[in-house]
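Open the model in your viewer and keep the selection tool at hand.

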Amino acid sequence: MTVQTAPARETTTLPAVHRGGRATVLGLTGTAVVLLAMAALPYLVATGVTAQLVKLCYLVALASMWNLLTGYAGMMSMGQQAFIGLGAYLLFVVNDHGLNVYTGTFVVSALVALIAWPLSYLAFRLRGGYFAVGTWVIAEVVRLIVVRFDSLGAASGRSLSDVTADPVLRRAYTYWLALAVMAAAVLGTYAVLRSRLGLGLQAIRDDDTAAGSLGVNVTRGKRIIYVAAAGGCAAAGAVICVNSLGVASPTQIFGVQYSALMVFMVVIGGIGTVEGPVVGAVAYFLLDKYFAQSGVWYLVVVGAAAIVVSLYLPRGLWGTLAHRTGFAVFPVRHTVRPAQGP
């Protein structure tokens, strides 16, 4: 009697998608070294140096948030100043209730993210240029609501009531706070882009209709990024408030110049790259540092820089470098490796 055995089924091994690698490890290691070196600066340099770097830190955070919105999610927002202002003014509220400004910055960031969630339902009813104008209108409405509260200084601004008394410690703490916000903005952006959500965002940016037809939840992805960017801008706004020990006026902190500044930094550095906003923020920081006291020539230099980059380096400074060399500090590409046989 012979026993017949069923033929063995052939197993098919699917290709593997890898999001990590040596470049990722090197990039994160180098970033950690730079951040640790920057964290040690209050012990090594004069307080005037760290005071100037506070501005650079919140500029990088703002540019990274706008790049996340526009460069990856395809949302052209001109109203991020709404969340910058809310971050500054809610810091007054939590500070008045006994929470120190350093911990309060992260509490405020979470609160503004919660506020941004229902606001997104209003903003997402608009598309394209209407979305950009709509976000600016939302920012103006938020400003008009804030100035109605006398406890927040109404239309005349306000000062923080409870901060570190020692000026040296205050500057050091403010610098570390700004550094933490900057690191969270850059590394958070990188973490999002390395995730499944980030892959969907890039599809949404290229063509949201096609992305939706392929199964990407377009509205959910955009809403998550809108809320996250609002929280990041609120943290930067709180840092601005702590650094200035208050707000000069609602018109200043809710000014559309912040959106214009974010656009400039991202375009100069390279939209759609993690490193581009950092490079753009550094470029603007240096222009502001050396030409801000030059009167009208300051605007001429900034405008000329924007024109030159737009005409001859449309990908931005870092974007052009990355395109020509393939180099990236924060690589976000997904590598498909062929399946290996049994």
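The bend at a residue is the angle between two axes, one fitted to the seven residues ending there and one to the seven starting there. Helices (H or I, at least four residues) and strands (E, at least two) are DSSP runs, numbered from the N terminus.

Before selecting anything, note two points. This is a predicted model, where local features need pLDDT of at least 70 and side-chain atom pairs count only at pLDDT 80 or more, while totals for chains, interfaces and linings use all residues. Residues are numbered from 1 along each chain as its sequence is written, and side-chain values use heavy atoms, with hydrogens and water left out.

**Stop 1: confidence**

Colour the chain by pLDDT, the predictor's confidence in each residue, from 0 to 100. The chain's mean is 86, and 91% of its residues reach 70 or more. Which element has the highest mean pLDDT? Helix α5 does, at 94, while strand β1 (residues 16-18) has the lowest, at 56.

**Stop 2: helix α5**

Select residues 101-123, which form α5. Find tryptophan 117: the helix bends there by about 35°. Proline 118 follows within four residues.

Now select asparagine 100. This residue caps the N-terminal end of α5, with a side-chain oxygen 3.0 Å from the backbone nitrogen of tyrosine 102. That is a polar contact (a pair of N or O atoms within 3.5 Å; within protein, one must be able to donate a hydrogen and the other to accept it, and residues adjacent in sequence count only if both atoms are side-chain atoms).

Next, look at burial. Buried means under 20% relative accessible area, exposed over 50%, and partly exposed in between (1.4 Å probe, protein chains only). The buried residues of α5 include Val101, Tyr102, Val108, Val112 and Leu119. Among the elements that cover the buried residues are α4, α6, α7 (167-193) and α10 (218-244). Contact here means heavy atoms within 4.5 Å.

**Stop 3: the salt bridges**

How many salt bridges does a search of the whole structure find? The search finds three. A salt bridge is a side-chain nitrogen of Lys or Arg within 4 Å of a carboxyl oxygen of Asp or Glu.

Select lysine 55 and aspartate 288. Their closest N and O atoms are 2.6 Å apart. Lysine 55 sits in helix α3 (residues 47-72) and aspartate 288 in helix α13 (residues 275-291), so the pair links distant parts of the chain, 233 residues apart. Lysine 55 is partly exposed at 25%, whereas aspartate 288 is buried at 17%.

Move to arginine 158 and aspartate 96. Here the closest N and O atoms are 2.8 Å apart. Arginine 158 is in strand β2 (residues 158-159) and aspartate 96 is in helix α4 (residues 81-96). Arginine 158 is buried at 17%; aspartate 96 is partly exposed at 41%.

Finish with glutamate 140 and arginine 143, at 3.1 Å. Both belong to helix α6 (residues 128-146), and because they are three residues apart, about one helical turn separates them.

**Stop 4: two loops**

Select serine 77, in the loop between α3 and α4. Is serine 77 buried or exposed? Serine 77 is buried, at 1% relative accessibility. Its side chain makes a 2.9 Å polar contact with the side chain of glutamine 80.

Last, select asparagine 217, in the loop between α9 (208-213) and α10. Asparagine 217 is partly exposed, at 45%. Its side chain reaches the backbone nitrogen of arginine 220 at 3.1 Å.
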